[in-house]
Amino acid sequence: MDTSDLFASCRKGDVGRVRYLLEQRDVEVNVRDKWDSTPLYYACLCGHEELVLYLLANGARCEANTFDGERCLYGALSDPIRRALRDYKQVTASCRRRDYYDDFLQRLLEQGIHSDVVFVVHGKPFRAHRCVLGVRSAYFANMLDTKWKGKNVVVLRHPLINPVAFGALLQYLYTVASKPGTCVKVLTIEPPTADPRLREDMALLADCALPPELRGDLGELPFPCPDGFNSCPDVCFRVEGCSFLCHKAFFCGRSDYFQALLNDHFRENEELEASGGLPAITLHGISPDIFTHVLYYIYSDHTELPPEAAYDVLSVADMYLLPGLKRLCGRSLAQLLDEDSVVGVWRVAKLFRLARLEDQCTEYMAKVIEKLVEREDFVEAVREEAAAVAARQETDSIPLVDDIRFHVASTVQTYSAIEEAQQRLRALEDLLVSIGLDC
């Protein structure tokens, strides 16, 4: 179970494994074990300073004058860890959690993945992407379509254009951030001021990539593409006869699947598009509507995902190695939870290794367990979980049952709630006895 693995890894100080569980398996950083301990507590207790700093940076709770905060401070093995805990300032987990989309754009700028233009400023080269510059700055869009059109190398020799400032400008255009103390004003080249919202600007590239026949169904974006804007696509994806004109930099940078697909591993699927000479790759097993969700996620890190489409998108996101899109699907599926659907959603969560959605399902099961024990699909799920435990003995526990018991117990806040919790647990125990799985 992922949560057990997380606690064990925190005790050992295995930062790499903890990073994998939190970032790839989406395990909750503030999860508790049966002793009411958190991963941060074990990291403090065992003296793993690097791990403590990582957990704090990813939303671990350790506020002063709280149970968790005082316990971590008291149990910390070393003074550096105590100082780190005291210096910790409370912000929300969403603010402290690493932003992988911004990291991707930073890598795009620094590594110049599939760049199609190089700016040479007083001898210093800067690799960039026409599509990003054009959609983020009206100035660059105009220059790339006129004076710099067709040029792969643009040389800037004006004495007032400083390489450091130009680099800061590119950083701003790619990430809406620049190094503190750096002036980003560069003569006639100004960063865009109309809309600093990076994701919405990048979504325009997805809008440009859509086939004309699909654009009418999605509504208008807040900032439609400028007339005549050329997004400079360099690859065409064909999906059931529809052609999506896209950019390798985004697809390769966001997905290992597409990186392999576009970097000569599947050349037999590639042909030249009749118009424009773009390499065209046919994608199978996906509809244009579902690919549209993938497209918007890859460009903007978000897509409007109705629950009824979440199952199909989830399957594709798993195939295309897009864990962030899988998490979006998990959040959408969580909206479907009711007595009739919870077991099915739980099965999907286990199949696609969505730990948070799986936990949400078992939490919901705990609330309605007295009704679930009468449902055949729930009984069958319990049997399958028991059968999945290798060489199960009579005293071995069943993971699904353990999770439900945990959530039932965690709801007990008052004396009056104890009796209700006991009734739920009795209903679960009676079911286990009736099917010969009492443990």
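Residues are termed buried under 20% relative accessible area, exposed over 50%, and partly exposed in between (1.4 Å probe, protein chains only). The model is predicted: local features need pLDDT of at least 70 and side-chain atom pairs pLDDT 80 or more, while totals for chains, interfaces and linings use all residues. Residues are numbered from 1 along each chain as its sequence is written, and side-chain values use heavy atoms, with hydrogens and water left out.

**View 1. Salt bridge between Glu-339 and Lys-371.** The N to O distance is 3.3 Å, a salt bridge being a side-chain nitrogen of Lys or Arg within 4 Å of a carboxyl oxygen of Asp or Glu. Glu-339 lies in the loop between α18 (323-334) and α19 (342-351) and Lys-371 in helix α21 (residues 369-372), so the contact ties together parts 32 residues apart in sequence. Helices are DSSP runs of H or I with at least four residues, and strands are runs of E with at least two, numbered from the N terminus. Glu-339 is partly exposed, at 28% relative accessibility.

**View 2. Salt bridge between Asp-340 and Arg-375.** Here the N to O distance is 2.9 Å. Asp-340 is exposed at 56% relative accessibility, whereas Arg-375 is partly exposed at 26%.

**View 3. Salt bridge between Lys-350 and Glu-385.** Lys-350 belongs to helix α19 and Glu-385 to helix α22, so this pair ties together parts 35 residues apart in sequence. Glu-385 is buried, with 9% relative accessibility, and Lys-350 is partly exposed, with 33%.

**View 4. Open sheet of three strands in the order β2-β1-β3.** Its pairing is mixed, where two strands pair if DSSP finds at least two bridges between them. Val-120 has Val-155 of β3 as its bridge partner.
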